Amino acid sequence: MAKVRLATVWLSGCSGCHMSFLDQDEKVLELAEKIELVYSPIADVKDFPENVDVTLVEGAVGNEEQLELLKRIRRNTRILVALGDCAVNGNVTALRNSLWNSDEEVLKRAYVENASINQAAPKQVPKLLKRVLALNEVVKVDAYVPGCPPSAELINQVLNELLEGKTPVLEGRFKYG
Amino acid sequence: MVEMVGLSKPIELTIDGRKVVAKEGETILEAAKKNGIRVPALCYLEGVSSFGGCRVCVVEIKGSPRLFASCVTPVAEGMEVLTDSERLRRYRKWALELLLAERPHVCSVCVANGSCELQQLATELGVDHLRIGREWTDYEVDLTHERFAYDPNRCILCTRCIRVCDEVEGVHTLDLMLRGKNSKVVFDLDENWGFAQSCTSCGKCSAACPVGALYVKGKPLSEVKKKDLVSFIIERRSGK
């Protein structure tokens, strides 16, 4: 049987979901038998590849680069999974939405008001969106795995169910936060 | 529900195909509970009046196309009630999603994380994402009270606190201001909590809060162990 082409992506999040992914411990080895990791923060691949079976996306959409990447992911992925609360509903990443509807205000707060030296917003980084978006505000999402972070056990269960061709039903198994 | 001593007569009905006997004036939710049938509910609080606001406890009654909030619908002779069905699950999910979308409920930074009834129901009913956009409100957090805090951004407008303050403490410091999604729980005539003169600082409102909107300062909810405090007081007072 051909190996399942798996990608994991880190958008605006803290990487905690990826930490939880790695927390599967020895089960990662069992997983490695069944999958080929084609794109990930822990794999040295420059561009998001084509023809991916399953992509786990951690984090919300916070800037224009991520917006483009997510659209590309959707085009090239069969099953897109929102991994963790930020991807599912914005979570901590989107808290700024309560205060501002502006990328400039966010940068001002972080790099001018709260800085004691070099008070200036960075210019060589991708432009922030005015508001942080959950994945399903941008593209169609096929499965949701909430949690901050989702437990390693839950990630493992969901991945194995997807590998077996099932649609995971998370009722009673997940926890926001 | 007020029980009229000497006047109540037994009423027979079926809940989920089971024949049960209830007292006249009892609600479907109470009758189900007494017979070990759990109906998910959120704004309902045992011992105080019900107002049927959250719509999580909806049930089907044979012969009617509409759904009924079981916490405010009295039992009737021969009634056939269904507390679980595909349709009910669908509506309950929507009710929860609307509550979650109305304000920025971010569990990971909430004092109630892990002991929140909204969070638990979302897990139970499988609300693993929202199908509608979320409101990112920015209500001011009221920290003026010495012992308690109030964050309207986490409030689901269940009015448990208002009913407990009025009916158990007998003070009615809290009430609801404005309408619809703009509704807001206020103290006295919209004073800051610390300046609300009628407040006795009893803490029953925070004990009744199912989420992290009203809470004891400086402690996670899991340490306050407030669960069922209000029901306990009511039970003791009734001499049961």
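A residue is called buried if 20 or more other C-beta atoms lie within 10 Å of its own, exposed if 12 or fewer do, and partly exposed in between, with C-beta atoms placed from the backbone. By this count R236(B) is exposed, because 9 other C-beta atoms lie within 10 Å. The model is predicted: local features need pLDDT of at least 70, side-chain atom pairs count only at pLDDT 80 or more, and totals for chains, interfaces and linings use all residues. Residues are numbered from 1 along each chain as its sequence is written, while chains are lettered from A and ligands numbered from 1 in the order in which they are written.

R236(B) sits in helix 7 of chain B, residues 229-237. Helices (H or I, at least four residues) and strands (E, at least two) are DSSP runs, numbered from the N terminus. Between R236(B) and K62(B) there are 174 residues of sequence separation and 37 Å of space, C-alpha to C-alpha.

Chain B holds 7 helices and 9 strands. Its radius of gyration is 19 Å, close to the 18 Å given by the globule rule for 240 residues, so chain B is as compact as a globular protein of that length. The radius is taken over C-alpha atoms, and the rule is 2.2 Å times the number of residues to the power 0.38. Along the principal axes, the C-alpha atoms of chain B fill a box of roughly 55 × 45 × 35 Å. Of the 240 residues in chain B, 39% are buried. Two residues are in contact if their C-beta atoms, placed from the backbone, lie within 7 Å. Among contacts in chain B between residues at least 6 apart in sequence, 62% join residues at least 24 apart.

Chain B is assigned domain 1 (10-84) and domain 2 (106-237). These bounds come from an automatic or database domain assignment. The C-alpha centres of the two domains of chain B are 26 Å apart. Contact between them involves 12 residues of domain 1 and 18 residues of domain 2. On the domain 1 side, 8 residues are nonpolar, 3 polar and 1 charged. Here Ala, Val, Leu, Ile, Met, Phe, Trp, Tyr, Cys and Pro count as nonpolar, Asp, Glu, Lys and Arg as charged, and the others, Gly among them, as polar.

The contact between the chains takes 25 residues from chain A and 20 from chain B. Helix 4 of chain A (residues 85-89) gives the largest share of the chain A side, 3 residues. That side divides into 13 nonpolar, 8 polar and 4 charged residues.

Chain A contains an open sheet of 5 strands, ordered 2-1-3-5-7, with parallel pairing. Strands pair if DSSP finds at least two bridges between them. Strand 2 (35-39) and strand 7 (143-145) of chain A are the edges; each has a single partner strand, so one side of each lacks a neighbour in the sheet. Neighbouring strands are turned by 25° against each other on average, direction ignored. Axes are lines fitted to C-alpha atoms, for helices over the stretch in contact, and angles run from 0 to 180 degrees between N-to-C directions.

Strand 3 (residues 52-58) and strand 5 (residues 77-83) of chain A run parallel and share 6 bridges. V52(A) stands opposite T77(A), and V57(A) has A82(A) as its bridge partner. Helix 3 of chain A (residues 64-76) packs on the sheet, touching strand 1 (4-10), strand 3 and strand 5, and its direction makes about 135° with that of strand 5. Strand 1 and strand 3 of chain A pair in the parallel sense over 5 bridges, with T8(A) opposite L56(A). In strand 3 of chain A, 6 of the 7 residues are buried.
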